[in-house]
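Reader: I'd like to learn how to read a model like this one. Could you take me through it feature by feature?

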Amino acid sequence: MSLTLDSRQRAMLKEMGVKVWSRVVPVQAPGERAARTVRTTPTADTSAMVVQPRVAGAETMDWAALQQAVADCRACALCNGRKHTVFGMGGLEPPNAGRPPVANWLIVGEAPGDQEDLSGLPFVGPAGQLLDSMLKAMGLDRKRGAAVGDGQAAQGSYIANVLKCRPPSNRNPEGEEVAQCAPYLRRQIELLQPRIILAMGRFAAQALLHDSVPDVHSLPLGKLRGQVHSYRGIPVVVTYHPAYLLRALGDKAKAWADLCLAMQRFSDP
Ligand code: SF4
């Protein structure tokens with residue numbers, strides 16, 4: 001894959017704190033689309049809210065029905081503390097109303113934090129800014145599609161999390177929460193049909209690779225990096241979560257190497 005950095009992407013890599021040793025092909029953004037999120041009504045007193053069984057049939061829902069199912073979901077105790085569900089955002093405008101956005105890239109993170117819970121959008125705040133820098137360095141962004149390389153097809157990028165509701169105090173997701181929420185991400189992936197998935201952080205890697213990497217729950221993230229995995233036939237590249245990279249500046253270069261691996265895999269015929 002031929003990689004050529006333009007000045008903007010060099011600036012983005014500088015923002016990431018990454019020393020440039022590869023070249024990224026300049027990009028053409030074909031259009032913008034608004035963020036997609038369904039907001040639930042903020043509830044002042046959550047003590048009366050109870051956990052209820054998840055609505056059946058997520059595996060056959062269309063995009064709009066899936067958004068609504070997440071917005072209404074009370075399938076785990078995280079519903080009690082949330083202000084908004086965070087379904088995801090990004091991709092290109094679909095050709096027909098009601099269809100999922102067009103997204104060749106899917107970025108999967110862990111769970112909403114405080115600011116995501118307030119806004120209903122994924123990856124806002126400092127970690128989100130770093131993710132934006134990483135995406136721009138790759139010629140992507142969360143709202144627009146981009147073209148990579150001469151004559152290659154336009155692409156969109158979509159951002160989603162394993163959990164759609166914020167764990168209190170930004171604690172780690174619990175197994176039952178991940179199990180209850182998993183059908184939503186699974187259906188998102190089925191509908192989006194991305195050409196590649198970037199799994200950011202340990203929980204995203206575990207959620208996507210538990211069928212293909214038997215010991216994924218005991219492996220450190222570093223052991224999952226540097227190779228292309230598979231989720232139901234879709235290539236998956238694992239990298240660090242941007243929130244971690246904000247604390248571990250020395251690992252930004254490794255994250256850039258992961259992004260280069262993903263770009264290379266994406267460009268493979
Ligand atoms: S985290 Fe997922 S399963 Fe739990 S209430 Fe929110 S949408 Fe439902």
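Reader: Where is the place of Asp141?

Author: Asp141 lies in the loop between α4 (126–137) and β3 (146–147); helices (H or I, at least four residues) and strands (E, at least two) are DSSP runs, numbered from the N terminus. This is a predicted model, in which local features need pLDDT of at least 70 and side-chain atom pairs count only at pLDDT 80 or more, while totals for chains, interfaces and linings use all residues. Residues are numbered from 1 along each chain as its sequence is written, and side-chain values use heavy atoms, with hydrogens and water left out.

Reader: Is Asp141 buried or exposed?

Author: Buried means under 20% relative accessible area, exposed over 50%, and partly exposed in between (1.4 Å probe, protein chains only). Asp141 has a relative accessible area of 14%, so it is buried. Leaving out residues up to four places away in sequence, Asp141 touches Leu135, Lys136 and Ser157, where contact means heavy atoms within 4.5 Å.

Reader: How should I read the sheet, and what is the order of its strands?

Author: Strands of a sheet pair through backbone hydrogen bonds, either parallel or antiparallel. Here, an open sheet of six strands runs β1-β5-β2-β6-β8-β7, with mixed pairing; two strands pair if DSSP finds at least two bridges between them. β1 (89–90) and β7 are at the edges with a single partner strand each, so one side of each has no neighbour in the sheet. β1 is joined to β5 (residues 157–161) by two bridges, running antiparallel, and Gly90 stands opposite Tyr158 in β5.

Reader: What about β8: how many of its residues are buried?

Author: In a regular strand the side chains alternate between the two faces of the sheet. In β8, six of six residues are buried: Ile234, Val236 and Val238 on one side, Pro235, Val237 and Thr239 on the other. Four bridges join β8 to β6 in parallel, with Leu198 partnering Val237. Another four join β7 to β8, antiparallel, and Tyr231 faces Ile234 there. The hairpin of β7 and β8 has two residues between the strands, and Arg232 in this hairpin takes a positive phi near 50°.

Reader: Why is helix α6 largely enclosed?

Author: Seven of the eight residues of α6 (residues 202–209) are buried, so the rest of the structure largely encloses this helix. Its buried residues include Phe203, Leu208 and Leu209. They pack against several elements, among them α5 (175–192), β6 (196–200) and β8 (234–239).
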